[in-house]
Amino acid sequence: MPTRAEQVSQILKGLVSNTPDVEGAAMVSVDGLVLASALPAGTDEDRVSAMAAALLSLGERTSQELQRGTLEQVYVKGSGGYIILMQAGSEAVLQTIAGSAAKLGMVLLEMKRAAQELGRLV
Amino acid sequence: MTGRGFGVCPHDVARGLERWAFLNTFVNKALGLGSRFGIYLDFVEFAAALEGEEFLWGFLNPADYLKARTLFGYEAIARPAGIRDVAYVVARTGEPLAGSIEAFAGRRVALVRGYLAALVRHRLQGAGVSCEVVAVKSYAEVMKTVGRGDADFGVTYNDHFDRLSAAVRDDFRVEARVDPGLAHVVAAHPSIPQPGRAALRELLLGAHLDSAGAGLLATLGFTAFEEVPEGPYRDLADVLEAVR
């Protein structure tokens, strides 16, 4: 029987390998720690997780301030692609990076499925 | 029961919130505090969170540290080495120099309610000098008020003034400085057990000794952390009481 950590890791790897143009994914706790990751080699996971936590905090504040309700996603678009954050349960966030040619609808759909599974594990 | 927040002075959040997210992650990774960095963009909501005991630990300005200590028993852990909170008294460039503290008598002084203004008011009070206070809501407003001529002097924060663009700074001069040896403080709620608070202190005071800590310090813009001396904060508590 795989451990919880192994199950989380498998879900992330599945998200990366099965979704076209998704280049990496990580599961980050709301206190800024990496729970599991399938990020490109050479990525500084600590910095990425801290930034994810900061983006989430800022997204929550902004959504609240502008009365847009509970935060669901944060989406950053750069010239090289996308970074998307999605809540995965109350204590963690799923973060995905995708290339600029990514079909966002597909990425978001797969992320939503993965986030629901991950949310049950953490 | 305290919350799990890591609270950071809104002024410092506005200067770059990702630094504080890094610090929170660094500490959580080393010590497992489980704190969550929350963003507070103004002092009113920050004060409400502090008074609501939402912070497990925080990076607090000297007055908020004293408040947290008095209300809830927060313990000072460390402070940035070599970085001081200094009150600047500024005037428009080209105006005659005040020359002495007595020259402030009857003049209009723009200030933001807080510990820096209290330090200046205490000095003036001590010299028997009375000024007309022009109360404003931010250090930016202090500069604008003095710049427009609606105040003769303004009390501002060295960190704010020193970061203004050269073009803006050149319109003002620093007439006087009040530097009682204060700095923002990393402080911890007593619900963190004493060994945890000691570990946090050791972690921060030793940050400059290894590459991971050095990376954190570079992100924060600090050279190191240092111990928090009691004297300047005890003096500030006396000043705040005297000008209340």
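Biologist: How many salt bridges does the structure hold over all chains?

Modeller: In this predicted model, the structure holds 20 salt bridges over all chains, and across the interface of chain A and chain B the rule finds 4.

Biologist: What makes the meeting of Glu60(A) and Arg36(B) a salt bridge?

Modeller: The side chains of Glu60(A) and Arg36(B) come to 2.7 Å, N to O, and because the rule asks for a nitrogen of Lys or Arg within 4 Å of a carboxyl oxygen of Asp or Glu, the pair counts as a salt bridge. Glu60(A) lies in helix H2 (residues 45–65) of chain A and Arg36(B) in strand E2 (residues 36–37) of chain B, so this pair joins two chains.

Biologist: Why is Glu60(A) called partly exposed?

Modeller: Glu60(A) has 24% relative accessibility, and partly exposed is the class between under 20% for buried and over 50% for exposed, so Glu60(A) belongs to it. Arg36(B), with a relative accessible area of 23%, is partly exposed by that reasoning.

Biologist: What else describes the interface of chain A and chain B?

Modeller: The area buried between the two chains is about 1,500 Å², of which carbon and sulfur atoms give 54%. In chain A, Asp31(A), Arg47(A) and Arg61(A) lose the most area to chain B, together 34% of what that side buries. Contacts between the chains involve 16 residues of chain A and 18 residues of chain B, and a network of salt bridges links Arg61(A), Glu65(A) and Glu45(B).

Biologist: Why is the pair of Glu226(B) and Arg84(B) said to tie together parts that are apart in sequence?

Modeller: The side chains of Glu226(B) and Arg84(B) meet in a salt bridge at 3.0 Å, N to O. Glu226(B) lies in strand E11 of chain B, while Arg84(B) lies in the loop between E4 and strand E5 (85–92) of chain B, so the pair ties together parts that are 142 residues apart in sequence.

Biologist: Why is Arg148(B) called exposed, whereas Asp150(B) counts as partly exposed?

Modeller: The cut-off for exposed is over 50%, and Arg148(B), with a relative accessible area of 52%, passes it, whereas Asp150(B), at 36% relative accessibility, counts as partly exposed. These two residues form a salt bridge, the closest N and O atoms being 2.7 Å apart.

Biologist: How do you know that the span of helix H9 of chain B agrees with its number of residues?

Modeller: At 1.5 Å a residue, taken times one less than the number of residues, the 12 residues of helix H9 (residues 194–205) should span 16 Å, and the end C-alpha atoms are 16 Å apart, which agrees. Within H9(B), the buried residues are Arg197(B), Leu200(B), Arg201(B), Leu203(B), Leu204(B) and Leu205(B), and what covers them includes helix H2 (17–31) and strand E3 (55–60) of chain B.

Biologist: Which residues have the most contacts inside the largest nonpolar core?

Modeller: Tyr65(B) and Tyr233(B) have the most contacts inside that core, which has 40 residues. Helix H5 (residues 115–126) of chain B gives the most to this core, with 7 residues. Another core, of 33 residues, lies apart from it, with Leu204(B) among its members.

Biologist: What makes Cys9(B) buried?

Modeller: Cys9(B) has 1% relative accessibility, and buried means under 20%, so Cys9(B) counts as buried.

Terms used:
Residues are numbered from 1 along each chain as its sequence is written. Chains are lettered from A and ligands numbered from 1 in the order in which they are written. This is a predicted model: local features need pLDDT of at least 70, side-chain atom pairs count only at pLDDT 80 or more; totals for chains, interfaces and linings use all residues. Side-chain values use heavy atoms; hydrogens and water are left out. Buried means under 20% relative accessible area, exposed over 50%, partly exposed in between (1.4 Å probe, protein chains only). Helices (H or I, at least four residues) and strands (E, at least two) are DSSP runs, numbered from the N terminus. Contact means heavy atoms within 4.5 Å. A nonpolar core is a set of buried Ala, Val, Leu, Ile, Met, Phe, Trp, Tyr and Cys residues joined through side-chain atoms within 4.5 Å. Buried area is the accessible area (1.4 Å probe) that two parts lose on being put together, summed over both.
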